[in-house]
Amino acid sequence: MLPILMLALTADAGSVARPALFDTVCVACHAVGGSGGQVGPALDGVGTRRTATDLDKWLKDPQAYKPGTIMPKIEMTDAQRAEFVKWLASLK
Ligand code: HEC
């Protein structure tokens with residue numbers, strides 16, 4: 001694994017690593033820990049509001065989950081989505 005990736009993965013104090021894609025894409029609209037965009041809701045505590053199943057469906061296709069939502073579908077692999085679900089579900 002590249003050292004820079006290791007850094008990104010270990011930057012959070014929490015036990016589940018924040019996916020690198022968060023800092024390049026999601027952060028434009030979402031804040032976590034007080035930093036990030038305001039277009040979407042801050043994701044702190046999202047793990048208490050949503051189940052892993054809901055998070056997975058949401059990321060897979062926001063429009064299908066909630067027609068009319070302004071959150072775009074973000075292209076990612078199944079493995080990346082699984083990483084996101086694990087991380088998001090851990091935000092409590
Ligand atoms: C263009 C802005 C935008 C981007 C980029 C974006 N989101 Fe969102 N997201 C939103 C908006 C707006 C909502 C609220 C949607 C609604 O309720 O209709 C939302 C909702 C969510 C929710 C549900 C939050 C809750 O409180 O229940 C999650 C989880 C989420 N986004 C994760 C992500 C992740 C992970 C990424 C990156 C892969 C991402 N979003 C990228 C705008 C965005």
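Student: Against which helices do the buried residues of H6 pack?

Tutor: This is a predicted model, and in it the buried residues of H6 pack against helix H3 (46-49) and helix H4 (52-60).

Student: Which residues of H6 are buried?

Tutor: Burial is read from a count of C-beta atoms: 20 or more others within 10 Å make a residue buried. In H6 the buried residues are Glu83, Phe84, Val85, Trp87 and Leu88.

Student: How do I check the length of H6?

Tutor: Compare the expected span with the distance between the ends. Helix H6 covers residues 78-89, which is 12 residues, and at 1.5 Å a residue it should span 16 Å. Its end C-alpha atoms are 16 Å apart, so the two values agree.

Student: At what angle do H4 and H6 pack, and how far apart are their axes?

Tutor: A helix pair is described by an angle and a distance between axes. For H4 and H6 the angle is about 135° and the axes are 9 Å apart. H4 and H6 are therefore oblique to each other; the label roughly antiparallel would need an angle over 145 degrees.

Student: Is the crossing of H4 and H6 left-handed or right-handed?

Tutor: The crossing is right-handed.

Student: Which residues make the contact?

Tutor: H4 contributes Ala52, Leu55, Asp56, Leu59 and Lys60, while H6 contributes Arg81, Phe84, Val85, Leu88 and Ala89. By class, the residues of this contact of H4 with H6 are seven nonpolar, no polar and three charged.

Student: Where is Phe22, and how many other C-beta atoms lie within 10 Å of it?

Tutor: Phe22 sits in helix H2, residues 20-24. Phe22 and Phe84 are 62 residues apart along the chain, and their C-alpha atoms are separated by 8.4 Å. Phe84 is one of the buried residues of H6.

Student: With which residues is Val16 in contact, leaving aside its neighbours within four places in sequence?

Tutor: Those contacts are with Lys86, Trp87 and Ser90. Val16 is found in the loop between helix H1 (3-10) and H2. With 15 other C-beta atoms within 10 Å, Val16 is partly exposed. The C-alpha atoms of Val16 and Leu91 are separated by 9.0 Å, although the two residues are 75 residues apart along the chain.

Student: What pattern does the whole chain follow?

Tutor: List the elements, then read them in sequence order. There are six helices and two strands, and the order along the sequence is α-α-β-β-α-α-α-α.

Student: What percentage of the chain is buried, and what share of the contacts joins residues 24 or more positions apart?

Tutor: Buried residues make up 15% of the 92 residues. Among contacts with a separation of 6 or more, residues 24 or more positions apart account for 54%.

Conventions:
Residues numbered from 1 in each chain as written. Predicted model: local features only at pLDDT ≥ 70, side-chain atom pairs only at ≥ 80, totals over all residues. Helix = DSSP H or I, 4+ residues; strand = E, 2+ residues; numbered from the N terminus. Expected span 1.5 Å × (residues − 1). Buried ≥ 20, exposed ≤ 12 C-beta atoms within 10 Å, placed from the backbone. Contact = placed C-beta atoms within 7 Å. Axes fitted to C-alpha atoms, helices over the stretch in contact; angles between N-to-C directions. Parallel < 35°, antiparallel > 145°, perpendicular 65-115°, else oblique. Left-handed = near helix turned anticlockwise from the far one by under 90°. Nonpolar A, V, L, I, M, F, W, Y, C, P; charged D, E, K, R; others polar.
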